[in-house]
Amino acid sequence: MRKFISGLIFTVLVVSCSTNPFTGKSTLNFQSNDQIFPTAFAEYDQFLKEHKVITGTADAESIKRVGQRIAKAAERWFNANGYEGYLKDYRWEYNLVQDEAVNAWCMPGGKIVFYTGILPVTKTDTGIAVVMGHEVAHALANHGAQRMSAATLQQYGALAGNLALGMSGSSAQTVELFNQAYGIGSQVGVMLPFSRSHESEADAIGLRLMAIAGYNPEEAVKLWQRMSQMGGEAPPEIMSTHPSNETRIQNLKQLVPAAKQEAAKFGVTSFE
Ligand SMILES: [Zn+2]
């Protein structure tokens, strides 16, 4: 039996190494979309049930409008780069919830939440596009799945096979691990921070997406500066998973011209 299980784990490991379309690099990823999307969609619906979703306001409309443009930009990028159908299982949703936390996230399959607490920092549609592009980039590059795979290895060892094969969503451990990997937890400090390499990758992809969507990527520099200035005794929740420092902001500045060049390939040369 033991042999049988390790065989299964091995198979899953082999078949689930996936290629990151943005970097061309092969990444460790135990869960395929088929396995992880049903869990993500169920967790998302549960989250919405437990929070107050704002609808019909100008702010809620902004989140939807920007989200749709970012999703469209992602589709155009994938189609133009030989990845037609990459997003076919995505079920995009963009919701604003009433919560003071300065936070936003995108779950696998395009399930996005913005908290009202982040709106004073984003200020405009362009500011929203910075955060949206960045969070969507984490989802598109499967950073959460990689974090979950890494956490599975570290914390759960032999349970990896069960998690990878089942992803039943009913196991409390699975759900907890999932929430940590995707940053959905409500308690600060519970979530795993994104690694520096995932952060710079999401910054680079996010800037391209927002630029292709027609939003000025220069705003990203200002937004993350505003975010990091909010520090103090209670730093914004998003900062616990997205550490922002001077190096990161300098890198963002350097990435702006490439993002604009990418947008020009799609005929987008003026930005709002
Ligand atoms: Zn990030």
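Trainee: How are H10 and H12 oriented to each other?
Mentor: This is a predicted model, and in it the axes of helix H10 (residues 219–229) and helix H12 (residues 246–265) cross at roughly 170°. An angle over 145 degrees counts as roughly antiparallel, so H10 and H12 are roughly antiparallel to each other.

Trainee: And the axes, within what distance do they come?
Mentor: The axes of H10 and H12 come within 9 Å.

Trainee: Is that crossing left-handed or right-handed?
Mentor: The crossing of H10 and H12 is right-handed.

Trainee: Which residues make the contact?
Mentor: On the H10 side they are Ala220, Val221, Trp224, Gln225 and Ser228. H12 brings Arg248, Ile249, Leu252 and Lys253.

Trainee: How many of those are nonpolar, polar or charged?
Mentor: The contact of H10 with H12 has five nonpolar residues, two polar and two charged.

Trainee: Next pair. What angle do H3 and H9 pack at?
Mentor: Helix H3 (residues 58–80) and helix H9 (residues 196–212) pack at about 105°, and their axes are 8 Å apart. The range 65 to 115 degrees counts as roughly perpendicular, so H3 is roughly perpendicular to H9.

Trainee: Which residues of H3 and H9 meet?
Mentor: From H3 there are Ile70, Ala73, Ala74, Arg76 and Trp77. They meet Arg208, Leu209, Met210 and Ile212 of H9.

Trainee: What does that contact look like by class?
Mentor: Seven residues in the contact of H3 with H9 are nonpolar and two are charged, with no polar ones.

Trainee: Changing topic. Where is Pro38?
Mentor: Pro38 is in helix H2, which covers residues 33–50.

Trainee: Why does Pro38 count as partly exposed?
Mentor: Its relative accessibility is 48%. Partly exposed lies between the 20% limit for buried and the 50% limit for exposed, so Pro38 counts as partly exposed.

Trainee: How far is Pro38 from Gly109?
Mentor: The two are 71 residues apart in sequence, and their C-alpha atoms are 9.1 Å apart in space.

Trainee: Now the whole chain. How many helices and strands are there?
Mentor: The chain has 12 helices and six strands.

Trainee: How much of the chain counts as buried?
Mentor: Of its 272 residues, 52% count as buried. The accessible surface comes to about 12500 Å², and carbon and sulfur atoms hold 53% of that.

Trainee: And what share of the contacts is between residues 24 or more positions apart?
Mentor: Among contacts with a separation of 6 or more, such residues account for 71%.

Key: Residues numbered from 1 in each chain as written. Predicted model: local features only at pLDDT ≥ 70, side-chain atom pairs only at ≥ 80, totals over all residues. Heavy atoms only, no water. Helix = DSSP H or I, 4+ residues; strand = E, 2+ residues; numbered from the N terminus. Buried < 20%, exposed > 50% of the residue type's maximum accessible area, 1.4 Å probe, protein only. Contact = heavy atoms within 4.5 Å. Areas by Shrake-Rupley, 256 points an atom, 1.4 Å probe, with all protein chains shown as cover. Axes fitted to C-alpha atoms, helices over the stretch in contact; angles between N-to-C directions. Parallel < 35°, antiparallel > 145°, perpendicular 65-115°, else oblique. Nonpolar A, V, L, I, M, F, W, Y, C, P; charged D, E, K, R; others polar. Left-handed = near helix turned anticlockwise from the far one by under 90°.
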